Amino acid sequence: MNNTIRFTVTLNGSKQVIETYEGEYRNLMVLLRDELYIDGFGECGGTGRCATCVIKITGIKGSAKLKGRNEPNTLAKMGYEEEDIRLSCQIYITEDLDGAEIEVVSC
């Protein structure tokens, strides 16, 4: 049985609790796009280059805190330097997200 992963997402001032499980979605960007129907969100398809899936995330644990691949460079080019600003396409759906607070920044 899959463990439920639950987190809160704020989009345009409105909060929504989302429940999922590991493996249901490829990454957080796909989940947010599918669940919240955000136009223009994740235009590069998850390569970490377009910065159309920027979120502010707190309350994550473990390896989900680590930025890898293209993420640091892409965020720096867009002027984001805060540790809690991330590209949702670079965050996998794992138990590290359980209890997190996510605010959609780019939309």
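**Before you start**

Residues are numbered from 1 along each chain as its sequence is written, and side-chain values use heavy atoms, with hydrogens and water left out. Because the model is predicted, local features need pLDDT of at least 70 and side-chain atom pairs count only at pLDDT 80 or more, while totals for chains, interfaces and linings use all residues.

Colour by pLDDT, the predictor's confidence in each residue, from 0 to 100. The protein averages 93, and 98% of the residues score at least 70. Confidence is lowest in helix α2 (residues 71-77), at a mean of 93, and highest in β5, at 98. Helices (H or I, at least four residues) and strands (E, at least two) are DSSP runs, numbered from the N terminus.

**Stop 1: the nonpolar core**

Select Phe7, Val9, Leu28, Leu31, Leu32, Ile57 and Leu97. Within the largest nonpolar core, which has 31 residues, these touch the most other members. Such a core is a set of buried Ala, Val, Leu, Ile, Met, Phe, Trp, Tyr and Cys residues joined through side-chain atoms within 4.5 Å. Buried means under 20% relative accessible area, exposed over 50%, and partly exposed in between (1.4 Å probe, protein chains only).

Now show the elements that give two or more residues to this core: β1 (4-11), α1 (28-36), β3 (54-58), β4 (85-87) and β5 (101-104). Which element gives the largest share of the core? That is α1, with six residues.

**Stop 2: helix α1**

Stay on α1 and pick out its buried residues, Leu28, Met29, Val30, Leu31, Leu32 and Leu36. They pack against β1, β2 (14-21), β3 and β5. For a close-up, centre on Leu31: beyond residues up to four places away in sequence, Leu31 touches Phe7, Ile18, Thr20, Tyr25 and Ile93. Here a contact means heavy atoms within 4.5 Å.

Then look at the two ends. Asn27 caps the N-terminal end of α1, with a side-chain oxygen 3.1 Å from the backbone nitrogen of Met29. After the helix comes Tyr37, whose phi is positive, near 55°.

**Stop 3: Val54 in strand β3**

Move to Val54, which sits in strand β3. Is this residue buried or exposed? Val54 is buried, with a relative accessible area of 0%. Leaving out residues up to four places away in sequence, Val54 touches Leu75, Tyr80, Ile85, Arg86, Leu87, Glu103, Val104, Val105 and Ser106.

**Stop 4: a buried charged pair**

The side chains of Arg86 and Glu71 meet in a salt bridge (2.6 Å, N to O); the term means a side-chain nitrogen of Lys or Arg within 4 Å of a carboxyl oxygen of Asp or Glu. Arg86 lies in strand β4 and Glu71 in helix α2, so the pair ties together parts that are 15 residues apart in sequence. Both residues are buried, with Glu71 at a relative accessible area of 0%. Setting aside neighbours within four places in sequence, Glu71 is in contact with Arg86, Leu87 and Gln90.

**Stop 5: other salt bridges**

How many salt bridges does a search of the whole structure find? It finds four. One of them joins Arg6 and Glu19, whose closest N and O atoms are 2.6 Å apart. Arg6 lies in strand β1 and Glu19 in strand β2, so this pair ties together parts that are 13 residues apart in sequence. Arg6 is partly exposed at 40%, and Glu19 is partly exposed at 48%.

Another links Lys56 and Asp84 (4.0 Å, N to O). Lys56 is in strand β3 and Asp84 in the loop between α2 and β4, 28 residues apart. Lys56 is partly exposed at 36%, as is Asp84 at 22%.

**Stop 6: the cysteines**

Finally, select Cys50 and Cys44. Their sulfurs are 3.5 Å apart, too far for a bond, since a disulfide is a pair of cysteine sulfur atoms within 2.5 Å. Cys50 is partly exposed, at 25% relative accessibility. Next, select Cys89, whose closest cysteine sulfur, in Cys53, is 3.8 Å away, again too far for a bond. Cys89 is buried, at 4%. The disulfide count comes to zero.

Note on methods: A polar contact is a pair of N or O atoms within 3.5 Å; within protein, one must be able to donate a hydrogen and the other to accept it, and residues adjacent in sequence count only if both atoms are side-chain atoms.
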